[in-house]
Amino acid sequence: QITPFCSQGDEDFRENREKENRGKRRNGERDKKKRENGRRKRSSKSVSEPETSEEDDNEEDGNNDGEVRPELLSPEELERLKEAVDEKKKLIQSLRGKPWPMKQKLVTLRESQQFVEKYEGALGKGKGRKLYAYKVMMTKKWMKFQRDFENFKTACIPWEMKIKEIESHFGSSVASYFIFLRWMYGINMILFGLTFGLVMVPEALMGRPYGSIPRKTVPRAEEASAMDFAVLWDSGGYAQYSVLFYGYYNNQRAIGWFKFRMPLSYFLVGVGTVAYSYMVVIRTMARNANESGIGDDNSFNFSWKTFTSWDYLIGNPETADNKFASITTSFKEAILEEQESRKDDNIHLTRFLRVLANFLVLCCLAGSGYLIYFVVRRSQKFALEGLENHTWWERNEVNMVMSLLGMFCPMLFDVISTLENYHPRVALQWQLGRIFALFLGNLYTFIIALMDAINLKRKEEKVVKYNITMWEASFYNGTGSENSTAPPITIHPADVPRGPCWETMVGQEFVRLIISDTMTTYITLLIGDFLRAVLVRFLNHCWCWDLEAGFPSYSEFDVSGNVLGLIFNQGMIWMGAFYAPCLPALNLLRLHVSMYLQCWAVMCCNVPQERVFKASGSNNFYMAMLLVILFLSTLPAIYTIVTIPPSFDCGPFSGKNRMFDVIQETLESDFPAWFSKVFSYASNPGLVLPFILLMVLAIYYLQSTSKSYKEANIELKKKLQMVTHNSENFVIFLLCSFDLILIAQKRILFTQDGICLILQY
C-alpha cells in the first residue's frame, strides 16, 4: 500500500494531536499522583507542613495547571516565551488564509487562544514586567473600542437598516438606488447649509425688514390675494417677496452691525455650491474606480460567472429563485452567443426595423421638445393677460406637460425597443440613453423658452424704467414748491411702481417645476404601484384570469428610470438655485419624503425583478451621468451671470452692469491696491488662456500615460497566461513522473538486513 504525501498543514495537525494525547496522558498521571498524595497526607496527619518533602512540593507545583512564574525564569526564557506568544498571535490572525481543514483550524485556534491567554498574563507578573502587561491590556481595550466605534458608526448611518432590508429582499441593484438617494441627500444637506446659513439667515436677521423698501413689499394691487393658497402654490404673493427668491435681497454692500457683505456672499455661495458639487462627484467617481479595480470581463468569462455571479446579500426566497434563474439564463446566453453570431438572419430586415425604431424615437423627442416650447410660449401669453383670468391647468400646464412627458415617453421607448431585437444588455443601454436624451432635450427646451421670456422681461424693463423716471419727475415737481415748509411727502413702498424682475421669474419657474414633478411622482407611485397591488391582491380570486401571473400583475421597481429622474431633478436644483435659494431646502424635503415613501412602496407593492442585476457596474455609470448633468446645468446659469445685466430694482446685484462686478468692487474697497492689481493681472486673458492650454496638455499627457499603462497591463496579462499555460504543462509532466515513481516503488522490496532487491527489471 502506498502512503500518500501530506502537506505541511496536515503534518502540523498530526503533531498537535499527538501533543494533545501526550498532554492528556500526563494529566492522567498527575491526577493519579495527586490522589496518592492525598491518601498519603490523610494517613500521616501528624506530619506538619514544613516537614513535607521537596518531592511533594515539586509535585504540587507541577499540579498548579502549568502556571508560569516569571520570577523563576531567566531573561532568555522570558524572551523565548514572548516570541512564542507573538507567534501564536500571528498564527491567529493568519489562520483564515491557511489551506487547512476546518477541524484543524478550529483546534489550532482554540489551542493558540488558550496559550496566549495563559502566558500573556503570566508575562505581566513580577517586578519589571508591569509595563508589558499594561501594553497588552491597553491593546485589548483599544481593539474593543475600535469594534464598538465601528458598530456605533454603522448605527449612525441614516436609513441603513431600511436599505439592508430592501437589499435582502430585492438584491443590491434595487438597494443601489436608495444608496444613491441617500448620497444625494447628503449633497443637498451641504448645499442647504451653505445657502441657508450664508444667504437666507443673514438677510432675514440683519437686512432691512419686510415693508421697508419696494422690493420687500407686496404691491398694493396684489395684497388682497397675497395669502391665497393658489397664489402661494404658484410661488406668488408673500412667498415671492421673501428670502425664498432672488428679488427680495437688497443691494446694500454691508448689512447689520456685523457688516456682512451680502452681495459678495450671495455670489460666492452660488459659485461655491457648484464647485463643491464638482469636487464631490469627481471624488466619488475616482473612489468607485479604485474599488472596482481593473478587472477584465473578457478573460475567464465562465470562471467569473461561476464564482462571482451570486449576490450573497439576498435573503428572500423569491429573489433567490429569480437570481438563480438569471444566472442560468446568463450561462445559456453566453453559450449561445457564439452560435447566434454565426446564424444567417435576415440582416436587411433587422437593419430596417432598427432604423425605423430610431426614427420613431427621434420623432418622439422632437415632438416632446416642440410641445414644451409651445406651452412655454403660451404660458407667457397667459402671463401678459393675467393668470387670474385662466384656469388651473392653463397656469400650470408647462410643469404638468413636462412631468407627463417624463412619465409616458419611457414607456413608449420600451415598446419601440422591441422592434430592434437587441441583446437585453444592449437594449438597456439604448433605453437609458434615450431617456437621458429625452430629459436633457426637455430641460434645454425649457431653458430656451425661458431665455425668450427673459428677453421679453428685459424689453418690458426698459419701458417700465422710463415710465418710473417720468412718474417720479412729475410727482415731485407737482407736489413740491420752492418756498414750501411742509414735510416731504412719503410714499408707501406698496404704492411705488416697480419693474419686472426676470431673476425672480426664473426662480419661480424652477420652483413650480420641482413641486409639480414631485407631486406627479408621488401620485404615480400611489396609483401605479399601490392601487395596482391592491387590485391584484384582492381581485385575483374572483377574476377571469390570474392577475398575478398575467396582466396587470405586480409592478417591478424601475431602477434606471428612478435614478435618471433623481439625476435630472438634481440638475434643475443646480440650475435654478442661484435665482431661488429655497430650492436646496425643497429638494432636501423631497428626498427625505421620497426615502420613506419609496421604501414603503418597494416593500409593500413591488416584486423582485425577473432578472436581478448586480449594482457594482452601474455606480460609476450613474455618477458619469450626474457629472454630465452638472456640467450642462451650470452652462445656462454661467451664461446669464456673465452676459445678461441684472435687473435695476431687485436683487443683490441691482445697479451693476454684470453680476460678477461685485468681485471687482470688493477688491477695490476692502483690499490694498497692490492686491487688486495682482488679481487683475491674474485674470487677464493673456494669462488665463495659456493656463487653460497647459491644463489641457497635462490632461492629454496623463491620459496618454494611462493608456500606455493599460496596454502594458494587457501585455502582462497575456504573458501571465502564457506562463500559466507553461506551468500547467510542467505540472502535468511532474504528475506523470510521479506516477512512474509510484509504479517503481511497487516493484521494490527491502530485506531485513537492508539489501535492496529490484524485481522485474
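Helices here are DSSP runs of H or I with at least four residues, strands are runs of E with at least two, and both are numbered from the N terminus. You're looking at a predicted model, where local features need pLDDT of at least 70, side-chain atom pairs count only at pLDDT 80 or more, and totals for chains, interfaces and linings use all residues. Residues are numbered from 1 along each chain as its sequence is written, and side-chain values use heavy atoms, with hydrogens and water left out.

**Stop one: annotated spans.** Select 263–282, one of the stretches that an unreviewed UniProt entry annotates as "transmembrane region" (positions follow the numbering used here, feature names are shortened, and annotations may be inferred rather than shown by experiment). Residues 263–282 are 100% helix and 0% strand, with 29 Å between the end C-alpha atoms. Now pick 621–642, also in that UniProt list: this span is 100% helix and 0% strand too, and its end C-alpha atoms sit 32 Å apart.

**Stop two: the cavity.** Show I447, L450, M451, I454, W502, V506, F510, M575, Y579, P636, A637 and T640, which line the largest cavity. A cavity is a set of points, on a 1 Å grid over the protein atoms alone, where a 1.4 Å probe fits but cannot get out; lining residues have an atom within 4 Å of a point. The largest cavity holds about 100 Å³; volume is the space filled by probe spheres set on the points, which are joined across faces, edges and corners. Color by helix: α14 (424–479), α15 (502–539) and α18 (619–643) each bring at least two lining residues, and α14 gives the most, with four.

**Stop three: R498.** Jump to the loop between α14 and α15, where you'll find R498. Its C-alpha atom is 8.8 Å from that of P219, though the two are 279 residues apart along the chain. Leaving aside residues up to four places away in sequence, R498 touches P214, T217, V218, P219, Y241, V464, I468, P493 and D649 (contact means heavy atoms within 4.5 Å).

**Last stop: α19 and α20.** Select 661–670 and 673–682: the axes of these helices, α19 and α20, come within 8 Å and cross at roughly 150 degrees. Axes are lines fitted to C-alpha atoms, for helices over the stretch in contact, with angles from 0 to 180 degrees between N-to-C directions. So α19 is roughly antiparallel to α20 (the label for angles over 145 degrees).

Terms used:
Angles under 35 degrees count as roughly parallel, over 145 as roughly antiparallel, 65 to 115 as roughly perpendicular and the rest as oblique. On a 1 Å grid over the protein atoms alone, a cavity is a set of points where a 1.4 Å probe fits but cannot get out, and a pocket is an open set with protein on both sides within 12 Å along at least five of seven lines; lining residues have an atom within 4 Å of a point.
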